[in-house]
Structure formats: C-alpha cells, structure tokens
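Welcome! Let's take a friendly walk through a new structure, one question at a time.

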Amino acid sequence: MSHGPRSGLAAVSSALLAMSRHLEVRDVLKTIVASARELLDAQYAALGVPDDHGGFAQFVVDGVSDEQWKAIGPLPRQHGILAAMLHEARAERLADVRMDPRFEGWPSAHPDMVDFLGLPVRDGDEVIGALFLANKNCPKPEGTCGFTEDDEELLGILAQHAAIALTNARLYERSRELTIAEERSRLAHELHDAVSQKLFSLRLTAQAAARLVDRDPSRAKGELQQVAALAAEAADELRAAVVELRPAALDEDGLVATLRTQVQVLDRAHSARVTFAGRGVKALPASQEEAVLRVAQEALHNALRHSDADHVAVTLDRRGSGAVLRVTDDGSGFDPKAVRRAGRHLGLVSMRDRASGAGGTLTVESAPGKGTTIEMEVPGG
C-alpha cells in the first residue's frame, strides 16, 4: 500500500466500519465504492450487482460526476471484463484494459480508463457483485499496471467485508419489506372497516332523504347535507389510506421528484393551493429520505384537513450535507402547548419519532390565526 502501516490500518478500519454502519443496500454499495477508491488511490471505482437477465440490477460508481453519468447512458451489460469477473470468479489486474482481447469498448461519454483492478464479490459460492478500480494515481512506466499485488490483496479484504455488509443489508431490506407488507395488510383492514362504515351510513342517509323529499323537504335538505358531509369524510379516509398504502418510488425517482409529484397530486385534489420548491438537495441516506417523505405527508395531511388554509407551501433546501424540510400553511393555526395538554397530537408525536429515528430534529411553530410551520432537519450521509 502507498500509505504507511499505521495510516493504512486506520484507513482500512474506517472503511470497514463505514460499510457496517449502513443497513440500506444502496447506502452500502455507495460506501463500498467510495472506500475502495479512496483506499487504493484510484480515479474511478464501481460496483455492479448482476441481475438474471444479462444486465445489472444496481451499478454504483465513484469518481464520475452526475453529468458524466447521465451522458454515458444505460447501465452496462454483463460482457467483457465484467462478465469474466462474474462468471469466472477471478481477479483481473491489467496494465491497459483497452488492450485486453475481451475489451468491447464503451460509450463516447465514458471516461478513458487504462490500468484496471477488479474482483468478484462473493457470498460463499455465489458471486453477488463485481468491484473494480481504474487509473491508479501513481507513476506508471510504459506497459505496467499501477495497481500492485498489495492493492489486490487489500481489495480482496474489502470485497469479503463488502459481501457481508451487502448480505446483511439485503436481509434487513427483506425484513423491512415483510414489516411493510404486514402494515399494508393492517391498513387495508382499517380502510375496509372505516370506509365501509362511512358508505353504509351514507347509503342509509341517502335513502332517508329520498323518502322525505316529497313530504318534508326541509328535513330532506338536512339529510342531504349529512350525505355531503359523510361523502367528504369517506374521501378524506381514502386519501389518507392511499398515502400510506402506496410506497413512494424513492429509489427510482429520488426524494425531490417524489415530493414534487405528491404535491402536484394534492394540489389538484384540494381547493387549497399546494406548492413545492426544492433547492440544491443531494441524495440522502435512504432511511432519511423515507423519514422526510413521511413527515411531509403527515404535515400536508394536517394542513389540508384541519387548518382551512388557502396555501400550503412545501420546501426542501440543502443544509450542509443534509436537508431541511418546511411545510408552511396560512391556515387557522393552533397552540402546540394546548394541544399537548388536551392529549391531542395531530401526528406530532409520530413526526418527532420519525425525525429522531433518522438522526434529525423537528420543530413546530404555530399560533391561533397565524398558520403553522413544520420544520424537519436531517444531517445527510
């Protein structure tokens, strides 16, 4: 290794701790790739998790800007050197990857790579990924590879721990999916019970109104007003359930796009104007993105259902490596202390729990007649 023994050991220890700290697959992959590139002092690093169709289910890179990544185009297929690492399960250390007979080229926007070091990531006999580095930052005499046997050994250690971290993250996500499935089932039962009761009452009230139309119009009018109120309550129940039952496409679209889409839907569904602005926010750890989304949903639900607001504004701004969410309405407001004393929470306990669980903070500013602002800050990765 190019580092001294003490600094090298400390760097390896930091990398392994960083890998074990995350429970989300996406976060683990990003940490592995960034750690490998930093430890071995390379310009580029990547890790691909294969799918069963000749491509990659996930492919994470480090050293390539977002603009470059978008210009490169679709994810690579399992061919050339990548296929060799996946299917032959052996290390590849090359002085010039472009000169290898298995090299099949790359897109025009792809960065130029020369010396190359790659290893399969294995869980027992199963190859679950391919980890590789390119362009070692060191002098390279003509025809030689900058990556050394020591580098290959170090990358092998990282790959072994990467397999453990990735397997643990997958198990965690499967466990969470089971929990979500159970929660969805519970919510579905609650939805069925709540909406069924509302619709049953709605039907009986409508029948009563129909019988009274000719002989007692004033009573019929009152029954029809009750029909309208019950229909509104049923619609609210459905809206709330849809928010809980439909998971946001955070992995595919990201937090900003997901929030913007949900705000647009709510703006069309309600008489109040609902707006969104996102400024400079980078990707957050998956657990933080989910917490921010859920707090935004709860705050929007409160504002649209209880505040009689004309305008609800949602903003998401970057703060350091993290982000700040604000949901502000110009509605009736409330006294937070009085709400707590009365034993009513308006979802505030749930929101605070979500914020603290993601390592963040939540503040509430409100007063009768002054509207409400819910602010949540998360630290980022």
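Two strands count as paired if DSSP finds at least two bridges between them. Keep in mind that this is a predicted model.

Q: Which residue in the turn of the hairpin formed by S7 and S8 has a positive phi?
A: Strands S7 and S8 (residues 322-329) pair in the antiparallel sense over eight bridges. Together they form a hairpin with two residues between them. The turn residue with a positive phi, about 65°, is Gly320.

Q: In S8, what is the bridge partner of Leu316?
A: S7 and S8 are joined by eight bridges in the antiparallel sense. Within this pairing, the partner of Leu316 in S8 is Leu325.

Q: Which element gives the largest share of the largest nonpolar core?
A: The core has 35 residues, among which Leu316, Leu325 and Met376 touch the most other members. Elements giving two or more residues to this core include S6, H8, S7 and S8. The largest share, nine residues, comes from H8.

Q: Why is the pair of Phe103 and Trp106 classed as it is, by the angle of the planes?
A: By the ring-pair rule, the count comes to five aromatic pairs. The ring centres of Phe103 and Trp106 are 4.8 Å apart. Planes over 60 degrees apart count as edge-to-face. The planes here lie at 75°, so the pair is edge-to-face.

Q: Is Phe132 buried or exposed?
A: Phe132 in strand S5 (residues 126-136) pairs with Phe116 in strand S4 (residues 116-123), 16 residues apart. The two rings are stacked, 5.3 Å centre to centre with 25° between the planes. Buried means under 20% relative accessible area. Phe132 has 8% relative accessibility, so Phe132 counts as buried.

Q: Which residues do ring pairs link into a cluster?
A: Phe116 and Phe132 form a stacked aromatic pair. Both also belong to a cluster linked by ring pairs, whose members are Phe56, Phe59, Trp69, Phe116 and Phe132.

Technical notes: Residues are numbered from 1 along each chain as its sequence is written. This is a predicted model: local features need pLDDT of at least 70, side-chain atom pairs count only at pLDDT 80 or more; totals for chains, interfaces and linings use all residues. Side-chain values use heavy atoms; hydrogens and water are left out. Helices (H or I, at least four residues) and strands (E, at least two) are DSSP runs, numbered from the N terminus. A nonpolar core is a set of buried Ala, Val, Leu, Ile, Met, Phe, Trp, Tyr and Cys residues joined through side-chain atoms within 4.5 Å. Buried means under 20% relative accessible area, exposed over 50%, partly exposed in between (1.4 Å probe, protein chains only). Rings of Phe, Tyr and Trp (its six-membered ring) pair if their centres lie within 6.5 Å; planes under 30 degrees apart count as stacked, over 60 as edge-to-face and the rest as tilted.
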